[in-house]
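Here is a friendly walk through one protein model. Keep the sequence and the 3D view open side by side, and look up each residue as it comes along.

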Amino acid sequence: MAGVRAAVQAMRPYVPGKPVEDVQRELGLTDLVKLNQNENPLGPSPRAVEAVRAALARAHTYPEGSARALRERLGRLWDLPADWFLVGNGSDEVFRLLAEVFLEPGDPIVVPGTSFSAYRFVGELMGAEVVEVPLAGWTMDLPAMAEAAARHGARLLFLCRPNNPTGAVFPEADLRRAMARIPASTLVVLDEAYREFDTTPFDSRSLLLDHPNLVVTRTFSKIYGMAGLRLGYGIMRPEVLAPLYTARDPFSVNGLAVAAGLAALDDVEHLQRTQALTREGRAYLYAAFERLGLPYVASEANFVLFDAGRPAAEVFDRLLRRGVLVRPCGSFGLPTHLRVTVGTPEENARFVAALEAVLRGG
Ligand SMILES: Cc1ncc(COP(=O)(O)O)c(C=O)c1O
């Protein structure tokens with residue numbers, strides 16, 4: 001097609017997994033266990049569902065564009081001013097805005113290898129030069145990333161903690177050391193999509209206060225169980241936020257999502273129930289992997305990466321035939337690894353039983 005920007009022509013389109021409905025129909029499956037996208041198996045908070053119902057009556061009116069009520073609520077939660085918060089249509093929108101606002105074609109950005117694909121995607125969309133730094137072990141190689149940012153004069157540097165798909169984390173002290181070496185002109189984006197599952201000490205707020213070139217992102221898609229509503233946010237200094245605000249679609253965040261987000265933040269019980277379910281589910285999965293002799297990565301998130309020791313695509317297919325959907329990690333550069341979301345105890349048991357059968361050659 002003529003006229004397409006060179007940056008877009010150079011991109012390969014994202015190929016999403018087959019819709020669950022298609023898979024179910026093709027394989028004649030009646031109940032599929034969906035453990036492939038790190039969603040909350042408990043669903044959204046009942047309070048969020050109720051809030052959406054109530055907000056539907058106002059669906060004929062435009063939402064308040066800046067999601068002021070949610071920004072003020074988040075400001076109280078974080079003990080930071082409301083004007084440090086940019087609410088987005090998922091944290092994906094915040095990543096895209098950062099790229100659209102800060103990247104000229106050819107600008108360098110630094111991303112971790114074996115991590116969430118959106119960082120590379122938004123960089124490529126703007127024609128940036130993407131410098132990928134391989135992981136050290138299962139988490140970011142912070143010294144190497146800092147060095148790459150300094151050497152290339154990176155505009156953006158993306159970090160994922162806990163990392164998707166490994167679930168691993170780095171200590172706060174390591175990031176502080178790296179921040180001292182990253183140029184002040186590099187904006188560091190710390191994606192904390194899974195932070196609420198993480199039990200290690202890590203103070204993002206104090207990092208934000210200490211480093212004007214830091215942006216932290218969070219989402220309602222994971223622990224809050226609202227992936228389908230599309231709600232996330234970025235926290236940053238007002239001077240970083242202002243140009244993003246200028247460039248954004250004024251009504252990108254819908255009123256139902258904001259209402260749900262406000263209610264979800266009030267339901268601490270639902271959050272804690274999800275944390276407990278995840279903790280117990282991870283322990284159950286670890287025990288199963290140990291029994292099966294499969295190496296796995298200790299996770300601070302709601303998923304576990306394991307090495308099946310054989311082509312992951314095959315294991316994926318065979319699990320699917322048994323009604324269990326997981327994520328093969330070939331696209332992350334891990335051809336024998338799979339990532340499984342922690343589900344309910346029943347879902348976890350179905351996954352383990354299916355995996356045992358697949359490994360036995362069934
Ligand atoms: C590391 C990471 N960041 C961000 C997201 C996307 O979040 P959102 O649904 O808020 O766009 C995901 C979703 O899978 C993720 O794994």
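Helix α12 (residues 268–292) has these buried residues: His270, Leu271, Thr274, Ala276, Leu277, Thr278, Gly281, Arg282, Leu285, Tyr286, Ala288 and Phe289. Here buried means under 20% relative accessible area, exposed means over 50%, and partly exposed lies in between, using a 1.4 Å probe and protein chains only. Helices (H or I, at least four residues) and strands (E, at least two) are DSSP runs numbered from the N terminus. The model is predicted, so local features need pLDDT of at least 70 and side-chain atom pairs count only at pLDDT 80 or more, while totals for chains, interfaces and linings use all residues. Residues are numbered from 1 along each chain as its sequence is written, and side-chain values use heavy atoms, with hydrogens and water left out.

What do the buried residues of α12 pack against? Their partners are α3, β9 (303–307), β12 (337–341) and α14 (345–359), where contact means heavy atoms within 4.5 Å. Just after α12, Gly293 takes a positive phi of about 70 degrees.

Now turn to α3 (residues 46–56), where Ala48, Ala51, Val52 and Ala55 are buried. Why are they on the same side of α3? They cover an arc of only 100 degrees around the axis, taken from the directions from the helix axis to the C-beta atoms. In general, an α-helix has 3.6 residues a turn, so residues three or four places apart point the same way. Pro46 and Arg53 are exposed, on the face of α3 turned away from its buried side. The cover over the buried residues of α3 includes α11 (255–266). At the N-terminal end, Ser45 caps α3, with a side-chain oxygen 3.0 Å from the backbone nitrogen of Arg47. Such a polar contact is a pair of N or O atoms within 3.5 Å; within protein, one must be able to donate a hydrogen and the other to accept it, and residues adjacent in sequence count only if both atoms are side-chain atoms.

Next come the aromatic rings, which form 15 pairs in the structure. Rings of Phe, Tyr and Trp (its six-membered ring) pair if their centres lie within 6.5 Å; planes under 30 degrees apart count as stacked, over 60 as edge-to-face and the rest as tilted.

| Pair | Centre to centre | Angle between planes | Type |
|---|---|---|---|
| Phe95 and Tyr119 | 5.6 Å | 90 degrees | edge-to-face |
| Phe95 and Phe158 | 6.0 Å | 85 degrees | edge-to-face |

Phe95 in helix α5 (residues 91–102) and Tyr119 in helix α6 (residues 118–125) are 24 residues apart, while Phe158 in strand β5 (residues 156–160) is 63 residues from Phe95. Phe95 is buried at 0% relative accessibility, Tyr119 is buried at 1%, and Phe158 is buried at 0%. Elsewhere, Tyr286, Phe289, Tyr296, Phe306 and Phe351 form one aromatic cluster.

Is Arg218 buried or exposed? With 10% relative accessibility, Arg218 counts as buried. A polar contact of 3.5 Å joins its side chain to that of Glu196.
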